Amino acid sequence: MKRGYFGIGIYHSKIEENIGTLWRSASSLGADFIFTIGRRYKNQCTDTTKAPRHIPLYHYNDWDDFFEHIPYGCPVVAVELSEEAVPLESYHHMERCIYLLGAEDHGIPEEIMGRCKEIIQIPGSQCFNVAVAGSIVMYDRVMKRCTIWK
């Protein structure tokens, strides 16, 4: 039985194909929605599963538009390389949350990370492709779902 929910999205995505790939992974790994902030999505050849039939995509013009429309009581978790970040391998996923990924070239601005409830980081010495990073976080959530939620 599923408990809670989660969404995942990209802030100012630079490469449109990454959204299609993230959408496909989100559909496969149980996300309830995906979103973009600051960029529009168009159909991608990377989405071979027709994910739009199974999971909604929301688009927000900017951070304020996004923050005004998130579900009540649903914290935002930044996925970013940061000294303040909790390593993903020791992170306990919340029952409901929204994972926010940064742009491929600029990441998540500090002022936005400051408004996130938590920051998590994937192990490694370099940043991952944004769709790959999102897929790793969702996979980690699925693998740990048997643990007690925060």
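Reading a loop, a sheet and a charged patch

Colleague: Where is His12 found?

Modeller: His12 lies in the loop between strand E1 (5-11) and helix H1 (16-28). Keep in mind that this is a predicted model.

Colleague: What is the phi of His12?

Modeller: About 50 degrees, a positive value, although His12 is not a glycine.

Colleague: How exposed is His12?

Modeller: Partly exposed is the class for values between the buried limit, under 20%, and the exposed limit, over 50%. His12 has a relative accessible area of 34%, so it counts as partly exposed.

Colleague: In which order do the strands of the sheet run?

Modeller: Seven strands make up an open sheet, ordered E3-E2-E1-E6-E4-E7-E5, with parallel pairing. At the edges are strand E3 (57-60) and strand E5 (86-87), each of which pairs on one side only.

Colleague: How many bridges join E2 and E3?

Modeller: Four bridges, in the parallel sense, pair strand E2 (residues 33-37) with E3. For a place to look, Ile34 stands opposite Leu57 in E3.

Colleague: Which residues gather in the patch of negative charge?

Modeller: On the surface, the patch brings together Glu83, Glu84, Glu110 and Glu111. One of these, Glu111, belongs to helix H3 (residues 110-113).

Colleague: Why does Glu111 count as exposed?

Modeller: Exposed means over 50% relative accessible area. Glu111 is at 60% relative accessibility and therefore counts as exposed. His12, at 34%, is partly exposed.

Definitions and conventions
Residues are numbered from 1 along each chain as its sequence is written. This is a predicted model: local features need pLDDT of at least 70, side-chain atom pairs count only at pLDDT 80 or more; totals for chains, interfaces and linings use all residues. Side-chain values use heavy atoms; hydrogens and water are left out. Patches are made of residues with over 30% relative accessible area and no salt bridge: like charges are joined within 9 Å, nonpolar side chains (Val, Leu, Ile, Met, Phe, Trp, Tyr) within 5 Å. Accessible areas come from the Shrake-Rupley method with a 1.4 Å probe; for residues, only the protein chains shown count as cover. A salt bridge is a side-chain nitrogen of Lys or Arg within 4 Å of a carboxyl oxygen of Asp or Glu. Lys and Arg count as positive and Asp and Glu as negative; His and the chain ends are not counted. The place of a charge is taken as NZ of Lys, CZ of Arg, CG of Asp or CD of Glu. Helices (H or I, at least four residues) and strands (E, at least two) are DSSP runs, numbered from the N terminus. Buried means under 20% relative accessible area, exposed over 50%, partly exposed in between (1.4 Å probe, protein chains only). Two strands pair if DSSP finds at least two bridges between them.
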